[in-house]
Amino acid sequence: MPRKIIKDIFLRNKEEERPLAEELEMEKTKKNRFLFKFIISFLILILLGAFGFVALNRISTAAVNISPYKETLAIDSRLRARANGSADGLPFEIMQLSAEESGLITATGISSGGQKASGKITVYNNYGSAPQRLITNTRFQTSDGKVYRIKGAISVPGMGVTEATVYADQAGEEYNIGPADFTLPGLKGGPRFEKVFAKSKTAMSGGTSGNARVVKKEDMDSVKAPVNEKIKNRLTEMFSKQKPEGYVLFDKAIKIEYLENPDNPKAGDSSSRSMAFKVKGSAIGYLFKKDALSKALADDNIGNFKKAPKNDSIAVNNIESLDFNLISADAKNKEITVRLRGSADFVWVVDAAKLLEDMLSYKGKDFTSVFQNYPAIEKAAIVQSPKWWPKFPADKSRIKINIEDGKATTTQGQR
């Protein structure tokens, strides 16, 4: 047998015949390694589970869907309201706005008496600090004796000026003049004659002889109604934009007074050109807080509810669609009487913020006992995400309380 083969057999057999102690030591080392790997794997699983628990707890959400108690009643309520939140009666507040609009009047009548010239003047009051009132048809005279008159009364501020439109005393081209100075014949002989006077702002024009066009009542009526309607629409839009949050302003709760400019053309005036017809509208709007008006309507109809309110907060969802009428208002707008009619949707108000705090502090799993403390809640359901996650979020920012009130109103918890 070759020497190499004998050597290989001899060495292999020698390696296979290891001492028992060495065998046991190796076995123990293997077990220790396995145990170490098992413990490490187990710890990793625990850490992963803890991390997953924390992560799910952070991203999990809950939606609390609330259906409040509702009743719809046909109402016809007369309510007395007082200004500035008086203790007795429904409170209301006042908004005051104004707007100006104008239109053009074209004379369609024919007169054989000619046409009177007209133009603008500036009236000066250098007499004193008291205003000077000039009555309708006050005369203004040029140095050569031509007389012009104002058609409406004016007031000239003390030591100040005002503008006015004057019309020639007679028809004719001779009253078409350029810039001029005017005195007031009615003040002649008194101390005001030298101190109250006028100067032209524009030339006097439009005077003619013979046939001339004159303003008819129908000409004025055809312009007045559209101008007033423009003012009404403009003021209504202004009220809508400036109305404070949480208030209701009915269209019929706006009172408008229309004041025509004293320089407006009158029926019988002659003019060969279109003339401006100006109107100023001054409006008062009566505003009600929605919650106060809802309470007043609930109190007025308390005997008609199937579920009698017990100091419950109640809202009227469709309050702005009710038919409103302003029955009366005193001279100083301190007290008014109103009437509201229609089908009113009464909804019991759920305090979402308090409900959220009560749910967060509740230690049980079933929130039914929490919901039962709220008479305003008719139905409640909790939807959690993920659906299989059993733990209710502890962070209020992860909880959304949805209150069904006929409009999709949502109250969400904040940090």
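I began with Glu-404, which counts as partly exposed at 42% relative accessibility (partly exposed lies between buried, under 20% relative accessible area, and exposed, over 50%, with a 1.4 Å probe and protein chains only). I note that this is a predicted model, in which local features need pLDDT of at least 70 and side-chain atom pairs count only at pLDDT 80 or more, while totals for chains, interfaces and linings use all residues. Residues are numbered from 1 along each chain as its sequence is written, and side-chain values use heavy atoms, with hydrogens and water left out.

**Entry 1, the partner of Glu-404.** I looked up the salt bridge (a side-chain nitrogen of Lys or Arg within 4 Å of a carboxyl oxygen of Asp or Glu) and found that the side chain of Glu-404 meets that of Lys-70, at 3.3 Å from N to O. Because Glu-404 lies in strand β21 (residues 399-404) and Lys-70 in strand β2 (residues 70-83), the pair ties together parts that are 334 residues apart in sequence; strands are DSSP runs of E, at least two residues, and helices are runs of H or I, at least four, numbered from the N terminus. Lys-70 is partly exposed too, with a relative accessible area of 33%.

Glu-260 is partly exposed at 33% relative accessible area, and Lys-224 is partly exposed at 27%. In another, the closest N and O atoms of Lys-243 and Glu-320 are 3.8 Å apart; Lys-243 sits in the loop between α3 and β14 (247-248) and Glu-320 in the loop between β17 (314-316) and β18 (323-329), so this pair ties together parts 77 residues apart in sequence. I also noted a network of salt bridges that links Glu-101, Lys-230 and Arg-234.

The protein chain has 6 helices and 22 strands, and 35% of its 415 residues count as buried. Taking contacts (heavy atoms within 4.5 Å) between residues at least 6 apart in sequence, I find that 75% join residues at least 24 apart.

Leaving aside neighbours within four places in sequence, I see Ile-66 in contact with, among them, Leu-355, Phe-371, Ile-401 and Glu-404.

Which residues of helix α5 (residues 352-361) are buried? I list Ala-352, Leu-355, Leu-356 and Met-359, and these buried residues fall within an arc of 100° seen down the axis of α5, so they line one face of the helix (the arc is that of the directions from the helix axis to the C-beta atoms). At the start of α5, a side-chain oxygen of Asp-351 reaches to within 3.4 Å of the backbone nitrogen of Ala-353.

Note on methods: Polar contact = N/O pair within 3.5 Å; in protein donor to acceptor, adjacent residues only side chain to side chain.
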